[in-house]
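The following exercises are to be worked through with the structure in view. Each task is followed by a solution in steps.

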Amino acid sequence: MPPPATSTQRRRRGAALVEAIHAAALDEAVEAGIDGMTMEGIATRARTAKTSLYRRWSTPAEILMDSLYVTFPVETPSPDADDLRGDLLRALKQHKEWLGTPMAPVVHAINISGARYADLKKVLYDRVLDARGSRVTLTVLRHYVAHGVIDADRVTPMVADIGEAMMAKILMDAGRAPSRRELEAIADEVILPAIGVSDS
């Protein structure tokens with residue numbers, strides 16, 4: 001854990017301070033566990049005073065949700081909707097990179113907690129996951145539906161889950177993130193046929 005803040009370090013304001021607090025909250029969640037998070041621990045890691053936290057948040061969980069929101073990846077499809085396969089691959093690659101960040105195990109811990117973090121899980125989905133695209137590739141698929149490239153009826157809840165589910169299966173089975181070839185297979189052999197596109 002970092003040393004207590006000095007008076008010089010406490011002079012940070014605005015975006016720089018908020019960014020430091022967000023990073024500290026993620027570190028606190030990873031190292032202390034969700035149940036072990038405290039405002040004091042976050043303040044110490046951010047090298048600021050607890051009063052700086054209480055001006056904006058009431059609990060460590062609120063800071064954690066804000067931290068996850070601002071750091072969760074958001075897909076950015078091609079503006080003209082003219083590269084479906086490329087956009088899908090970029091979305092899958094972006095999620096693969098996210099899986100290697102400290103955020104992933106924190107989100108996973110909340111997701112598999114059952115009743116233990118039921119309230120926090122609801123906030124996670126409402127405040128973070130749904131607000132940032134909900135599922136891997138879903139933002140891309142919705143973008144191409146809006147441009148008339150994909151039939152909206154093809155983007156069912158099951159199809160929306162395919163990319164994420166396939167990546168999770170490879171992670172569980174192989175104990176590693178998917179390779180580029182596997183990401184291409186997910187796009188070419190699973191997602192594109194499911195939405196009725198054979199060649200993009």
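**Exercise 1. The pairing of helix 1 and helix 2**

Determine how closely the axes of helix 1 and helix 2 approach, at what angle they cross, and which residues meet.

Solution. Step 1: the axes of helix 1 (residues 14-32) and helix 2 (residues 39-46) come within 8 Å and cross at roughly 125°. Axes are lines fitted to C-alpha atoms, for helices over the stretch in contact, and angles run from 0 to 180 degrees between N-to-C directions. Helices (H or I, at least four residues) and strands (E, at least two) are DSSP runs, numbered from the N terminus.

Step 1: helix 1 is therefore oblique to helix 2. Angles under 35 degrees count as roughly parallel, over 145 as roughly antiparallel, 65 to 115 as roughly perpendicular, and the rest as oblique.

Step 2: the crossing of helix 1 and helix 2 is right-handed. A crossing is right-handed if the near helix is turned clockwise from the far one by less than a right angle, and left-handed if anticlockwise.

Step 3: from helix 1, the residues A20, I21, A24, A25, D27, E28 and E31 meet G41, I42, R45 and A46 of helix 2. Contact means heavy atoms within 4.5 Å. By class, this contact of helix 1 with helix 2 has 6 nonpolar, 1 polar and 4 charged residues. Ala, Val, Leu, Ile, Met, Phe, Trp, Tyr, Cys and Pro count as nonpolar, Asp, Glu, Lys and Arg as charged, and the others, Gly among them, as polar.

A note on the basis of these values: the model is predicted, local features need pLDDT of at least 70, side-chain atom pairs count only at pLDDT 80 or more, and totals for chains, interfaces and linings use all residues. Residues are numbered from 1 along each chain as its sequence is written, and side-chain values use heavy atoms, with hydrogens and water left out.

**Exercise 2. Two helices and their buried residues**

State the span of helix 1 and of helix 5, and identify what their buried residues pack against.

Solution. Step 1: helix 1 has 19 residues and reaches 26 Å from its first C-alpha to its last, close to the 27 Å expected at 1.5 Å a residue. The expected span is 1.5 Å times one less than the number of residues.

Step 1: the buried residues of helix 1 are L17, V18, A20, I21, H22, A24, A25, L26, E28 and A29. Buried means under 20% relative accessible area, exposed over 50%, and partly exposed in between (1.4 Å probe, protein chains only). These buried residues of helix 1 pack against helix 2, helix 3, helix 4 and helix 6. After helix 1 comes G33, with a positive phi near 85°.

Step 2: helix 5 (residues 84-99) has 16 residues and spans 23 Å between its first and last C-alpha, close to the expected 22 Å. Its buried residues are L84, G86, D87, L88, L89, A91, L92, H95 and W98. The partners of the buried residues of helix 5 are helix 6 (103-111), helix 8 (138-146), helix 9 (157-174) and helix 10 (180-194).

**Exercise 3. Loop residues and a histidine**

Solution. Although R47 is not a glycine, its phi is positive, about 55°. Most residues other than glycine have a negative phi.

Step 1: D82 lies in the loop between helix 4 and helix 5 and counts as exposed, at 58%.

Step 2: H143, in helix 8, is buried at 18%. Neighbours within four places in sequence aside, H143 is in contact with P77, S78, P79 and A81.

**Exercise 4. The whole chain**

How many helices and strands does the chain have, and what share of its residues is buried?

Solution. Step 1: the chain has 10 helices and 0 strands.

Step 1: of its 200 residues, 42% count as buried.

Step 2: the C-alpha atoms fill a box of roughly 60 × 35 × 30 Å, taken along the principal axes.
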